[in-house]
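Trainee: I have just opened this entry and would appreciate a guided tour. Could we go through it piece by piece?

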Amino acid sequence: MQIVQTDEIETCQALRARVFIEEQGVSQAEEVDGRDGEALHLLVCDNDKPIGTARMLVSGDVAKIGRVCMLSEARGRGLGAALIRAALTLARNQPGVTRARLGAQVSALAFYEALGFVAEGPVYDDAGIPHRDMERAL
């Protein structure tokens, strides 16, 4: 398994379509927000097969991690945690960035808490799925 920063945006978008649109029922209009060109992308591959992705948008001292997904057959192997740790390393390497934020699906709060994120603010609806903002220092 390897996690790399990538410019293969189409591959990342295809993974996100499988997880968010096909599996979770998110509309294409909500998934495709036009910000991929300004984002940094990470790709998880297992034997050269793309199985997961995340993206990062940097604004000031904050790196916003988002669009985190793993194909269903790759879950439960610790790869999601490895992907988030890689995203945190990438965030630390961005000049002036001191904090990481994300909008977590409520069902994944414990996953992100185990990686040092703290929930803040109320639960809100994002694409029909309950979410909560989370943050951690780098």
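Trainee: Is L109 buried or exposed?

Mentor: This is a predicted model, and in it L109 counts as buried, because its relative accessibility is 15% and the cut-off for buried is under 20%.

Trainee: Where does L109 sit?

Mentor: L109 belongs to helix α4.

Trainee: Which residues is L109 in contact with, leaving aside its neighbours within four places in sequence?

Mentor: With those neighbours set aside, the contacts of L109 are A104, R132 and M134.

Trainee: How many residues does the largest nonpolar core have?

Mentor: The largest nonpolar core has 39 residues, and those with the most contacts inside it are I65, Y112, F117 and M134. Several elements each supply at least two residues of this core, including α1 (9-23), β4 (62-70), α4 (109-113) and β7 (129-137).

Trainee: Which element gives the largest share of this core?

Mentor: That is α3, with eight residues.

Trainee: What is the extent of α3?

Mentor: Helix α3 covers residues 79-92, which is 14 residues. From its first C-alpha to its last it reaches 20 Å, close to the 20 Å expected at 1.5 Å a residue.

Trainee: And which residues of α3 are buried?

Mentor: The buried residues of α3 are L79, A81, A82, L83, I84, A87, L88, L90 and A91.

Trainee: Back to Y112, please. What is Y112 in contact with, leaving aside its neighbours within four places in sequence?

Mentor: Under that condition, Y112 is in contact with V68, I84, L102, A104, F117 and M134.

Trainee: How many aromatic pairs are there?

Mentor: The count comes to two aromatic pairs. One of them joins F111 and Y112, whose ring centres are 4.9 Å apart and whose planes stand at 80°, so this pair is edge-to-face.

Trainee: Why is 80° called edge-to-face?

Mentor: Because planes over 60 degrees apart count as edge-to-face, and the angle between the rings of F111 and Y112 is 80°.

Trainee: Are F111 and Y112 buried, partly exposed or exposed?

Mentor: F111 counts as partly exposed, because its relative accessibility is 33%. Y112 is buried, with a relative accessible area of 9%.

Trainee: What about Y112 and F117?

Mentor: Y112 and F117 form an edge-to-face pair too, with 6.0 Å centre to centre and 85° between the planes. Both Y112 and F117 are buried. Together, F111, Y112 and F117 form one aromatic cluster.

Trainee: A change of topic. What is the volume of the largest pocket?

Mentor: The volume of the largest pocket is about 830 Å³. Its lining has 38 residues, and F20, R67, V68, Q105 and Y112 lie nearest its centre. The largest share of the lining comes from β4, with seven residues.

Trainee: Are N47 and D48 buried or exposed?

Mentor: N47 counts as exposed, at 72% relative accessibility, and D48 also counts as exposed, at 70%. N47 is found in the loop between β2 and β3, and the place of D48 is in that loop as well.

Trainee: Last topic, the chain near its start. Where is M1?

Mentor: M1 is in the segment before β1 (2-6). Leaving aside its neighbours within four places in sequence, M1 is in contact with V44, C45, D46, L79 and A82. The C-alpha atoms of M1 and P50 are separated by 9.8 Å, although these residues are 49 residues apart along the chain.

Trainee: And A137, is that buried or exposed?

Mentor: A137 counts as exposed, at 56% relative accessibility, and lies in strand β7. Apart from its neighbours within four places in sequence, A137 is in contact with T98 and R99.

Technical notes:
Residues numbered from 1 in each chain as written. Predicted model: local features only at pLDDT ≥ 70, side-chain atom pairs only at ≥ 80, totals over all residues. Heavy atoms only, no water. Helix = DSSP H or I, 4+ residues; strand = E, 2+ residues; numbered from the N terminus. Expected span 1.5 Å × (residues − 1). Buried < 20%, exposed > 50% of the residue type's maximum accessible area, 1.4 Å probe, protein only. Core = buried A, V, L, I, M, F, W, Y, C linked by side-chain atoms within 4.5 Å. Contact = heavy atoms within 4.5 Å. Phe/Tyr/Trp six-rings, centres within 6.5 Å; stacked < 30°, edge-to-face > 60°. 1 Å grid on protein atoms, 1.4 Å probe; cavity = no way out; pocket = protein on both sides within 12 Å on 5 of 7 lines; lining within 4 Å. Points joined across faces, edges and corners; volume = space filled by probe spheres on them.
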